[in-house]
Amino acid sequence: MASYLQCMDCSATYPVDRLIYTCTSCGGLLDVTHAWDQSPTRELFDSRLGSLEAPYNSGVWRYKELVYPDVDPSLIVSRPEGNTNLYHTPRLAAWVGVRSLYLKHEGENPTGSFKDRGMTGGVTQARVLGMTRVACASTGNTSASLASYAAFADLEGIIFLQNKQIAVGKLAQGVAYGATCIRVDGDFDRNLALVREVSDKLNIYVLNSVNPFRLEGQKTVMIETLQQLRWRVPDWIVCPGGNLGNSSAFGKGLKELYDLGLIDRMPRLAIIQAEGASPLYHSYLSGFQDFQAQKAETIATAIKIGNPVNYKKAVRALRWTNGVVEQVSDQQIMDAKALIDRTGIGCEPASACSLAGARKLVERGIIQPDETVVGILTGHVLKDPDATIGYHSATLENITPAYPNPIHSAADDVASIARILTRQAEPV
Ligand SMILES: *Cc1c(COP(=O)(O)O)cnc(C)c1O
Ligand SMILES: [Zn+2]
């Protein structure tokens, strides 16, 4: 078999169809490892661009040889995901302080976040294993994605939701796609512990990012970005960090591309956390000598995580890429979001960490002005309308909008409207 599960700590291996999430001998996190006889080529992947045929019409399965080479194509569950745009954004580059900035918009996936790239891998593996029920705990986007992919594959989706602070767009998706929705009176970290316990007991497949098959799908964010750049490697990849599945997957994907000779150098990874949810950042400051979970608080609910499951894999990704970690305030996140939104691209709050973080790293002299930066936008602007409206109407606690677009009110007459449009009236 070309793929197997391997413990990142003790290197123990397990067959790919074994139902485990962590190493049974040491408890370490597992990787899906592929034994390639020969490297697939850039030309092979390029030849599939624009394919109308499943599974190669997907921006994940286009790279099937790197993701899950031996999987039976009839088991693949794909919407199809990926194929997201890479925007060149000169105005935002000027704000960040670099010559060249691209934004890779993972909010353009079928359910509006990068989670779809992982979910196609995870739900496909559920079918490989013959599981009929899949579950996750979620800050919102994983559950939206799971609900969709489970429904699409005719499996039962089960989602554990936090009692509060799930963005309304995400909540609506889970309900709409027909998942069994369970609201639990606990935060994300507690919910994750519960979902693992309950699923063990009831033979349900867990699709949180502890699941290594999800990370195989998520690493294609990097592969697709590099293909879109015609395989020219940028200096920096900047992304938000919550449970650290994405950054872990990016590290693995980049390392594999480099080892296979598909890219000639490694970009540096910058992981950006919210100030109120920054356990990785604090560990980074100690040279990763120390790790302390925290009680998380931030307006960017997608990264409101105090005890990231993939901590160790993220540290490994940072070592492989000579990476850095930075933190940004909710104020900085929301101002950066407003700027991304008003370029017409738009994103949810957590995604704006990429832009706010890149700017901070330029200010600190870590990213150089002549370097090329790719920022990852992780979620769609419609995910969290309350945060957007709250910002522009200046009703968010402790946030003073630097770039507000307040809604004007006019009386029911032309003169009153004309006054606004000739800028004679102040916004009300
Ligand atoms: C899940 C998510 C994140 C955090 O990704 P991790 O892999 O948990 O670090 C960031 N932004 C959005 C929009 C997400 O849905
Ligand atoms: Zn182990």
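The model is predicted, so local features need pLDDT of at least 70, side-chain atom pairs count only at pLDDT 80 or more, and totals for chains, interfaces and linings use all residues. Residues are numbered from 1 along each chain as its sequence is written, chains are lettered from A and ligands numbered from 1 in the order in which they are written, and side-chain values use heavy atoms, with hydrogens and water left out.

- Cys7 is buried at 2% relative accessible area, while Cys10 is partly exposed at 38%. The cut-offs are under 20% relative accessible area for buried, over 50% for exposed and in between for partly exposed (1.4 Å probe, protein chains only).

**Pockets**

- On a 1 Å grid over the protein atoms alone, a pocket is an open set of points with protein on both sides within 12 Å along at least five of seven lines, a cavity is a set where a 1.4 Å probe fits but cannot get out, and lining residues have an atom within 4 Å of a point. Grid points are joined across faces, edges and corners, and a volume is the space filled by probe spheres set on the points.
- The largest pocket comes in at about 410 Å³. Its lining has 16 residues, with Gln165, Glu297, Thr298, Ile299 and Leu396 nearest the centre.
- By class, that lining of the largest pocket splits into 7 nonpolar, 4 polar and 5 charged residues. Ala, Val, Leu, Ile, Met, Phe, Trp, Tyr, Cys and Pro count as nonpolar, Asp, Glu, Lys and Arg as charged, and the others, Gly among them, as polar.
- The second largest pocket has a volume of about 230 Å³. It is lined by 15 residues, and Asp31, Thr33, Lys252, Glu256 and Trp320 are the closest to its centre.
- Strand E1 (3-7), strand E3 (30-34), helix H10 (245-259) and helix H12 (311-320) each give at least two residues to the lining of the second largest pocket. Helices (H or I, at least four residues) and strands (E, at least two) are DSSP runs, numbered from the N terminus.
- The lining of the second largest pocket holds 5 nonpolar, 4 polar and 6 charged residues.

**Cavities**

- There are 2 cavities of 30 Å³ or more.
- The largest cavity holds about 300 Å³ of space. Of its 27 lining residues, Phe114, Lys115, Asn243, Ala302 and Ile305 lie nearest the centre.
- In the lining of the largest cavity, 9 residues are nonpolar, 15 polar and 3 charged.
- The second largest cavity holds about 50 Å³, and its lining residues include Asp31, Lys252, Lys313 and Arg316.
- E3, H8, H10 and H12 each supply at least two residues of the lining of the second largest cavity.

**Strand E6**

- E6 (residues 133-138) is largely enclosed by the rest of the structure, because 5 of its 6 residues are buried.
- E6 and strand E7 (residues 156-162) run parallel and are joined by 6 bridges; strands pair if DSSP finds at least two bridges between them. Val134 has Gly157 in E7 as its bridge partner.

- Ala54 and Pro55 are joined by a cis peptide bond, with omega about 0°. Pro55 sits in the loop between helix H1 (42-47) and helix H2 (64-67).
- Another cis peptide bond joins Arg79 and Pro80, with omega about -5°.
- Leu244 has a positive phi near 70° despite being a residue other than glycine, and is buried at 2% relative accessibility.
- Asn398 also has a positive phi, near 65°, but is exposed at 73% relative accessible area.
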